Amino acid sequence: MNPLTQSFLTAGRSPDCPVINTHAHFGPYKAIYFPRCAPERVIEMMDGAGIRWLIAAAHEALVDTQLGNRNYAAIIARYPDRLKGYWAINPLYPDRVRQEVAEFEQCDGFVGFKFLSDYYQYPITGDHYKPALEYAEAHGLPILLHTWGGSSFDGPGLWRQVAEAYPHVTFLMGHSGYGEWQLACEIARDYPNVVLELTAAYAVRGVLRLMVDIAGSEKITFGDDHPWFDPRYGIGCVLFSGLTEDDCRNILYRNAQRIFGLGA
């Protein structure tokens, strides 16, 4: 067992492994009970699991972008050294998108955009997303995409189009195109601006090994859809996947530090 895994087993965290969660959410969601959705409880969870930064899109913002993004901005302002945000974009309100992209510029703590195309049933290549995509391209911002295998809205079959059209945007493929693993890995390998994100994928036996073999550990970031899942399970899946310690460190924090410009 490598020293990094031993450190997590002994203390539940490692002082020299500042985990960065690149796919999280914040706040309550419909009728589901989350025991750790209040900001103070989230910080407690982060401290216990050794998570240095949490990058989230508020649940509220996925439904009402105007209210949700603003409310989450106020929470980020309370914890500016622990929380970052994705500015949610809802393509079903195309008249608002350009205005909301302009508002993004005025709110500190947001590091990119979040698209949830499957839920909106609107493709990532659709015109309604253009203001956000063009802004991200001009400013070199990351975008976290919900992606799922077989989807006509955000499946791997559409990734090449956005990756080629917006080469200065780093696209984090949330869930790594769940189910279409081989194709997802090949696209991440072939496009320098496509990165695989591990939410849910970390639990599928053998997939993490496939990702590293095809795309490389430098093209993978850690995420867990917090507060839907306990981050310690996902971190454990990475640590016990049989990868080298160097690969684990790339996945758990080094790649996110590089993509988002986050310090230790």
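Colleague: Which element gives the largest share of the lining of the second largest pocket?

Modeller: That's H4, with four residues. Before we go on, this is a predicted model: local features need pLDDT of at least 70, side-chain atom pairs count only at pLDDT 80 or more, and totals for chains, interfaces and linings use all residues. Residues are numbered from 1 along each chain as its sequence is written, and side-chain values use heavy atoms, with hydrogens and water left out.

Colleague: What counts as a pocket, and what as a helix?

Modeller: On a 1 Å grid over the protein atoms alone, a pocket is an open set of points where a 1.4 Å probe fits, with protein on both sides within 12 Å along at least five of seven lines; lining residues have an atom within 4 Å of a point. Helices (H or I, at least four residues) and strands (E, at least two) are DSSP runs, numbered from the N terminus.

Colleague: How much space lies in the second largest pocket?

Modeller: About 190 Å³, where a volume is the space filled by probe spheres set on the grid points, joined across faces, edges and corners. Of its 15 lining residues, Phe26, Gly27, Pro28, His59 and Glu60 are the closest to the centre. H3 and helix H4 (65-78) are the elements giving two or more residues to that lining.

Colleague: And by class, what does the lining of the second largest pocket have?

Modeller: Nine nonpolar, four polar and two charged residues. Here Ala, Val, Leu, Ile, Met, Phe, Trp, Tyr, Cys and Pro count as nonpolar, Asp, Glu, Lys and Arg as charged, and the others, Gly among them, as polar.

Colleague: OK, now the largest pocket. Which residues lie nearest its centre?

Modeller: His25, Tyr29, Leu62, Leu116 and Tyr119, out of 16 lining residues. Strand S1 (19-26), helix H3 (59-63) and helix H6 (117-120) each give two or more residues to the lining of the largest pocket. The pocket holds about 270 Å³ of space, and its lining divides into eight nonpolar, five polar and three charged residues.

Colleague: Switching to charges: how many salt bridges does the structure hold?

Modeller: 12, taking a salt bridge as a side-chain nitrogen of Lys or Arg within 4 Å of a carboxyl oxygen of Asp or Glu. One of them pairs Glu40 with Arg78, with the closest N and O atoms 2.7 Å apart. That pair links distant parts of the chain, Glu40 in helix H2 (residues 39-49) and Arg78 in helix H4, 38 residues apart.

Colleague: What does Glu103 form a salt bridge with?

Modeller: With Arg70, and the closest N and O atoms are 2.7 Å apart. Glu103 sits in helix H5 (residues 94-104) and Arg70 in helix H4, 33 residues apart.

Colleague: Is Glu103 buried or exposed?

Modeller: Buried, because its relative accessibility is 14% and buried means under 20% relative accessible area, exposed over 50%, partly exposed in between (1.4 Å probe, protein chains only). Arg70 is partly exposed at 41%.

Colleague: Which side chain meets Arg254 in a salt bridge?

Modeller: Asp246 does, at 2.5 Å, N to O. Arg254 is partly exposed at 30%, and Asp246 is partly exposed at 45%. There's also a network of salt bridges that links Asp16, Glu245 and Arg249.
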